[in-house]
Amino acid sequence: MDKFRMIFQFLQSNQESFMNGICGIMALASAQMYSAFDFNCPCLPGYNAAYSAGILLAPPLVLFLLGLVMNNNVSMLAEEWKRPPGRRAKDPAVLRYMFCSMAQRALIAPVVWVAVTLLDGKCFLCAFCTAVPVAALGNGSLTPGLSAPELARLLARVPCPEIYDGDWLLAREVAVRYLRCISQALGWSFVLLTTLLAFVVRSVRPCFTQAAFLKSKYWSHYIDIERKLFDETCTEHAKAFAKVCIQQFFEAMNHDLELGQAHGPLATATSPSASHSPTEGTEEEREKLRGITDQGAINRLLTSWHKCKPPLRLGQEPLMGNGWAGGGPRPPRKEVATYFSKV
């Protein structure tokens with residue numbers, strides 16, 4: 001159990017590296033999924049383009065959503081976006097930075113899927129087989145003898161070697177090589193453009209907006225750390241609260257049992273101080289409760305944290321009552337005069 005706890009703490013302390021590793025694994029998984037996927041073109045004029053578009057766009061969308069779901073910062077972004085302003089204003093630049101950071105990682109697997117699909121060429125072949133220039137690649141003299149629907153029906157069978165019977169008009173191998181060449185050119189162009197875009201976003205953009213970039217990055221880290229510390233504090237308080245409640249329950253049961261034995265015929269003298277004196281561990285747990293010792297107070301604290309987070313000003317105005325800084329009159333300040341005498 002301690003080993004798993006150490007691994008979990010290591011992943012929490014290296015969350016960015018962990019998420020980068022997860023995105024890399026998803027990218028490899030997307031490529032492996034495509035290689036294991038059995039692509040079956042319908043070879044019908046009205047369905048080839050729709051089927052190819054679904055294969056090209058639907059899996060990347062699913063992979064993008066999975067990348068967002070597996071990122072722990074999604075809930076933090078939603079919470080920061082929907083929370084009431086209270087005494088802490090919301091910065092749209094920080095929200096944009098958080099979303100862009102998550103989107104960049106989540107887009108890795110979809111980009112890999114699209115690139116592998118285009119480089120393979122099957123999807124492009126199925127989608128654009130009816131647009132092959134027969135006059136340039138085949139026997140164009142026979143084309144006028146076919147109507148447009150008949151020609152489209154014949155060319156739609158190019159991806160299916162079992163049912164294609166138009167070699168007299170256009171050799172299937174010529175059409176396949178032609179469309180796959182275009183698909184691979186588009187695939188490498190897509191890889192080049194996405195690589196350049198990633199380079200610009202990751203390297204060049206912070207150079208032109210360095211101050212705004214640093215501010216957004218700092219407050220994004222602050223929101224993440226604040227949320228983790230608040231969760232850890234709530235967990236510690238819940239453990240202490242549960243421990244004190246259980247100890248009180250057992251002490252009350254022990255007291256009831258002692259009272260029942262005192263009224264019995266074989267009652268023995270018990271020392272009340274030994275049964276009701278608080279132990280040292282109980283006092284430590286009560287100190288961890290920080291004075292919040294009932295369900296209503298805990299609910300008010302959590303509601304106040306959600307609706308009115310403390311302002312980001314340290315050491316200026318103290319927290320008072322159930323509200324935040326400036327929520328009431330200041331307590332009187334004690335003035336102390338010190339006199340020095342020369343000896």
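The side chain of Thr-233 reaches the backbone oxygen of Leu-229 at 2.8 Å. This is a polar contact, a pair of N or O atoms within 3.5 Å; within protein, one must be able to donate a hydrogen and the other to accept it, and residues adjacent in sequence count only if both atoms are side-chain atoms. The model is a predicted one, in which local features need pLDDT of at least 70 and side-chain atom pairs count only at pLDDT 80 or more, while totals for chains, interfaces and linings use all residues. Residues are numbered from 1 along each chain as its sequence is written, and side-chain values use heavy atoms, with hydrogens and water left out.

Thr-233 belongs to helix α11, residues 210-262. Helices (H or I, at least four residues) and strands (E, at least two) are DSSP runs, numbered from the N terminus. With a relative accessible area of 37%, Thr-233 is partly exposed; buried means under 20% relative accessible area, exposed over 50%, and partly exposed in between (1.4 Å probe, protein chains only). Thr-233 and Lys-288 are 55 residues apart along the chain, and their C-alpha atoms are separated by 9.4 Å.

A polar atom of the side chain of Ser-101 lies 2.9 Å from the backbone oxygen of Tyr-97. Ser-101 is buried, because its relative accessible area is 19%.

**Helices and annotated spans**

Among the buried residues of α6 are Trp-113, Val-114 and Leu-118. Gly-121 follows α6, and its phi is positive, near 90 degrees.

The unreviewed UniProt entry carries the annotation "transmembrane region" for residues 21-37, 49-74 and 182-201. UniProt positions are given in the numbering used here, feature names are shortened, and annotations may be inferred rather than shown by experiment. In the model, residues 49-74 are 88% helix and 0% strand, with end C-alpha atoms 35 Å apart. Residues 182-201 are 100% helix and 0% strand, and their end C-alpha atoms lie 28 Å apart.

**Buried residues and cores**

Which residues have the most contacts inside the largest nonpolar core? They are Val-158, Leu-170 and Leu-179, in a core of 15 residues. A nonpolar core is a set of buried Ala, Val, Leu, Ile, Met, Phe, Trp, Tyr and Cys residues joined through side-chain atoms within 4.5 Å. Helices α7 (122-128), α9 (148-155) and α10 (172-208) each supply at least two residues of this core. Another core, of 11 residues, lies apart from it and includes Leu-68, Met-76, Leu-77 and Met-98.

Contact means heavy atoms within 4.5 Å. Leaving aside neighbours within four places in sequence, Leu-170 is in contact with residues including Val-132, Leu-155 and Ala-175. Glu-80, in helix α4 (residues 73-82), counts as buried because its relative accessibility is 7%. With neighbours within four places in sequence again left aside, Glu-80 is in contact with Lys-90, Leu-95, Ile-223 and Lys-309.

**Cysteines**

The structure holds two disulfides, a disulfide being a pair of cysteine sulfur atoms within 2.5 Å.

| Disulfide | S to S distance | Torsion about the S-S bond |
|---|---|---|
| Cys-41 and Cys-126 | 2.0 Å | about 75 degrees |
| Cys-43 and Cys-160 | 1.6 Å | 80 degrees |

The torsion of about 75 degrees means that the disulfide of Cys-41 and Cys-126 is right-handed. This pair links distant parts of the chain, 85 residues apart: Cys-41 is in the loop between α2 (15-36) and α3 (48-69), and Cys-126 is in helix α7. Cys-41 is buried at 14% relative accessible area, and Cys-126 is buried at 0%.

The link of Cys-43 and Cys-160 is right-handed. Cys-43 lies in the loop between α2 and α3 and Cys-160 in the loop between α9 and α10, so the pair ties together parts that are 117 residues apart in sequence. Cys-43 counts as buried at 3% relative accessibility, and Cys-160 counts as buried at 10%.

When the bonded cysteines are numbered in sequence order, the pairing is 1-3, 2-4. Cys-129 is in no disulfide; the nearest cysteine sulfur, that of Cys-41, is 5.8 Å away. Cys-129 is buried, with a relative accessible area of 0%, whereas Cys-234 counts as partly exposed at 28% relative accessibility.
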